[in-house]
Amino acid sequence: MIQSSQYKKINNSVGWVVGLMAMLVYFLTLEPKGSFFDCGEFLSCGYKLQVTHPPGYPMFVLLARIFAIFGGNNPQQAAWHINSMSAVVSGLTIMFLFWTISRISFKIVFAQNKATQVDMWLVIKVMIASGVGALGFAFTDTFWFSAVEAEVYALSLFFTAMVFWAVLKWEDGTDSPVNDRWIIFIFYLVGIAIGVHLMNLLVIPTLVLVYYYKKYTYSFKSFLCAIGIGGLLTFAIQIIFIQYTVWWAGYTDLFFVNELNLPFFSGFTFFYLCLLAFLFYLNKLSIRKKYRLLQISVWSMIFMLIGYSTYLTSVVRADTNIPINMFKVNNPMALVSYLGRDQYDDAPLLFGPDYIETPSRKPKRDIILKENNKYVYAGKLFVQDWNQTQTAHIFPRMFNSANDNFQSEVYAYFTGIQKGDAPTLGDNFKFFFNYQIGWMFLRYLAFNFIGRENDLIGYGNVRDGNYLSGISFIDNWRLVATQKLPDTIGKKNKAHNTMFYLPFIMGVLGIWFLFKQHRKLFWILGLFFVYTSLATIVFLNLSGHEAREIDYIYVGAFYVFAIWIGIGVIYLMNILQKKLSVELSIKLGGIIAILAVPVLLIFQEYDDHDRSKKTLAYDMARNYLISCPKDALLFIFNDNDLYPLLYAQEVEGIRTDVRIVSNNLSKASWHVTRLLQKENLSMPFDILFKPEQIHGGKRNVIFYRKMAGYDDSTYYPLEQVFRQVVANDSLYFDLPTNSYPLFTEEFKANVFPCYRFYVDVDKSYIRKQGWVEPTDSLVSRVTFNYNRERNEMIKNEIWVYALIAANHWKRPICFTSKYSLNDLGIQDYLVQKGMIYQLLPTPKKTYNTNETFRLITTEYGFGNPSLSNVYFDNENREQFKFIKIMISEFCHDLISKGKFDSANKVLTYFDSKINAEATPYGVTNFNNGNQYNYYSFRLLEAAYRLKNKKVFDSIAAQLQLDMKQQFDYYLALGDLNKNDLLYQAELSFQGRENQLSKQQIELAIDILGSNKMVEDIIKMRNTW
């Protein structure tokens, strides 16, 4: 027997040890640089205290800055140290999870055993159960992924874990007023956590339920009332506290500035002082009237406001000359839009249309901007009017009419309706259960606790991105022929993790145990799980084909499941105790649980979560930047270009003379008006328009209108057209209400009068800058033909033309893609230099050959593909293919020019960087016709044309192996022989009736693609 004080020491010590163990693993697998998606932005903003995208993450930014300072403020090491923040807080999350499970388990174990003293073996039982649950969660796919990169989810879950632990601490305390300080502390944490992510709010309903169980006698009616109050409180904090207090403060500031001629923030400050005065009045009233609950509520609100005040740092920093200044939130009215997520479209929740109908748009509120010493009106913010539609109904799930990511195909696949048909309410519910719950949540739950097929993005077919247990007869019943999966997406895919249902079963045991014997704990944890899963699913209303797997949004639910795993260990030991002694049941149950959960998970998950050698995101960003001439303007076209570039410039200081313009963000005026100011080493640009001409919704779109003095057969000076017509505020026409969804400026549409433009060239200046090769032939005038099939030009296209016109060739203009702006007619003047395309007056010239050769062979990094322990996951492979495209197409260009020696050097150099284990040429890709292998095939063709047998044999062997394995797999999905399979696949591809199995139909394009590629390789070998 041990004393309770000794138990506390043991519990605290083991909790720290468990947390530090997890932390050590995270440090060993930490990403050393910036990774893809938002991480580059968070690293950059943390390193320099800059402003992130809406709705803002100021607390994350502040803590990231502290970690950067502790790391010596070294730009080369800053990413590692900021990434380490996620490792540290994730380790602490595991510690709090351990203490949460031990607190719950202690109650269960000692209540069950009716113990009056603490028995050592029962303490060991609690420690083992808590350790298994905590370490099991530590090594799950989703949590580990966030623990080694600079993203908000690790820090957000840390606050969530601490809040839930604090809820249990309060529940264990006495009814004395002193114990209520835990509630105030909880709301302070919630306020701070709002500056990280809103996940923390999902604990609030659980807090209310715990409060109910502690303070009130159970009845079914009061129980439902408590659940309802929890939901309303969460809604009130999200809508009223987070958004509407700022809204009221912002409009108070608008009145003070514009009507009372007071400075900015005067009304904002006045409002919050009044709010605090009101809260202190309520506090005095609660003391006088002895309203204890009111007093707790008031102080909770005050401390939540204190925590929430971190947003003031974003406002302060936005008023400085920082490069990353998303939304330029430097005044209270901008803060209203920032927190209101005005930059993004919303989704209908409880009432809305089906996808066959495009909703009109309605004004939401005025766009108010800061200009000089006043607020000015800049149009209206328009949102989709979900209610005023013919197909509107309750609970709309199949609503996305834009079809920007082929949502109509997702709707058809997961409901069985014909693509384009009108869905019923039943179809909407079917989509909700099959896709939103089944595919986009339960599959992610299975990834973490059952197993994962591979790292491909899953769109529903049996081959890509499913969960997989490792129990063959179950997997084959669900997915068919799983043992025939190609190696690169099967046993040799590092994300091919099989847990044989063991962690899942342990969690189910915990749920069953609580349901049978501890109903209060069952409902408390169940409500927490429902809010972090089902409520989140309903709120997000995902429409299909996300850019990546988004399991991270449900990490709170997986956290709860880990608590159930810990409780399941207790139940397992109890079952064993019916046949064995207490001591032996704890030993045996502990060994089984440790092997079945944390040991199994770490062995399965380690290789695909080790990012310690990954550098591809950084290397690609650096490649883009060093390819640009001095003082260039670089247009980029997706987030996985933008955020690594921000990191490379803002943290590591690489080529800060290059100015980046995002094609996606250039629709927002704040992004383009940054060009008017100096940024790092980049001088200002002339943007041709005055800032007030593009604020708000102005010139979101302009329309073609025939005008006197312009005809369709003549080329006109681009700058003249834009300055005299497009930038002329008096030239517009009235657009019918809601007739164009992008248009927001009170339906007054500016115009462009022609489709043909030209820009004159100072050839001597171009040559003097060294942008062209000595043998290049330059024209004195470049001509652009805008797409005649369109009668409108949207803002990001306007900016390309405007910047070209205003630039006068003074500074180089570059692009990361030549295909993204096809309608502008500039492709003939884009010359490739390594990974970028520069606008030059050299029509039909494809490459700056000498510079591209030098960059590839002496300057570029490729993400360490030569190292066997570097894991190129699906996103890395998708990005790496752009390097393969660049290399292969450059080789073919060199061959066409007769430069065989140079082409051989480039091909051989690249091949020397490839490790067949880490980054093989032959890799099965998600269902798109074997595109990844096709780009390897282009390299193979180059080797064939160069008669480079060594490289040819290497690529051919890897491609043929993967293609053979693919074809064996496709055959195993049905009963057809090879010839029949190919014939039937062709029929399917043509949309004709065929005899393929359902699984084969889904992969018909890959069946045809893999066979065609193998045949072409054989032909090459035979004609060598």
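1. Helix H32 (residues 931-946) packs on helix H33 (residues 949-972) at an angle of about 145°, and their axes are 9 Å apart. Axes are lines fitted to C-alpha atoms, for helices over the stretch in contact, with angles running from 0 to 180 degrees between N-to-C directions. Helices (H or I, at least four residues) and strands (E, at least two) are DSSP runs, numbered from the N terminus.

2. The model is predicted: local features need pLDDT of at least 70, side-chain atom pairs count only at pLDDT 80 or more, and totals for chains, interfaces and linings use all residues. Residues are numbered from 1 along each chain as its sequence is written, and side-chain values use heavy atoms, with hydrogens and water left out.

3. H32 and H33 cross in the left-handed sense (the near helix is turned anticlockwise from the far one by less than a right angle; clockwise is right-handed). Contacts (heavy atoms within 4.5 Å) involve, among others, Phe 937, Leu 940 and Tyr 944 on the H32 side, and Phe 952, Ile 955 and Leu 959 on the H33 side.

4. Helix H12 (residues 292-308) has 17 residues; at 1.5 Å a residue it should span 24 Å, and its end C-alpha atoms are 24 Å apart, which agrees. The expected span is 1.5 Å times one less than the number of residues.

5. Buried residues of H12 include Ile 296, Val 298, Ile 302, Met 304, Leu 305 and Tyr 308 (buried is under 20% relative accessible area, exposed over 50%, partly exposed in between, with a 1.4 Å probe and protein chains only). Their cover includes helices H8 (181-194), H10 (220-258), H11 (266-289), H13 (311-318) and H14 (332-339).

6. The axes of H10 and H12 come within 13 Å and cross at roughly 60°. The two helices are therefore oblique to each other (under 35 degrees counts as roughly parallel, over 145 as roughly antiparallel, 65 to 115 as roughly perpendicular, the rest as oblique). The crossing is right-handed. Ile 237, Phe 241, Ile 242 and Val 246 of H10 meet Met 301, Met 304, Leu 305 and Tyr 308 of H12.

7. Strands S10, S13 and S14 form an open, mixed sheet in the order S10-S13-S14. S10 and S14 are at the edges, each with a single partner strand, so one side of each lacks a neighbour in the sheet.

8. S10 (residues 716-717) pairs with S13 (residues 756-760) in the parallel sense over two bridges (pairing requires at least two DSSP bridges), with Pro 717 opposite Tyr 758. S13 and S14 (residues 781-785) are antiparallel over five bridges; Val 759 has Val 782 in S14 as its bridge partner.
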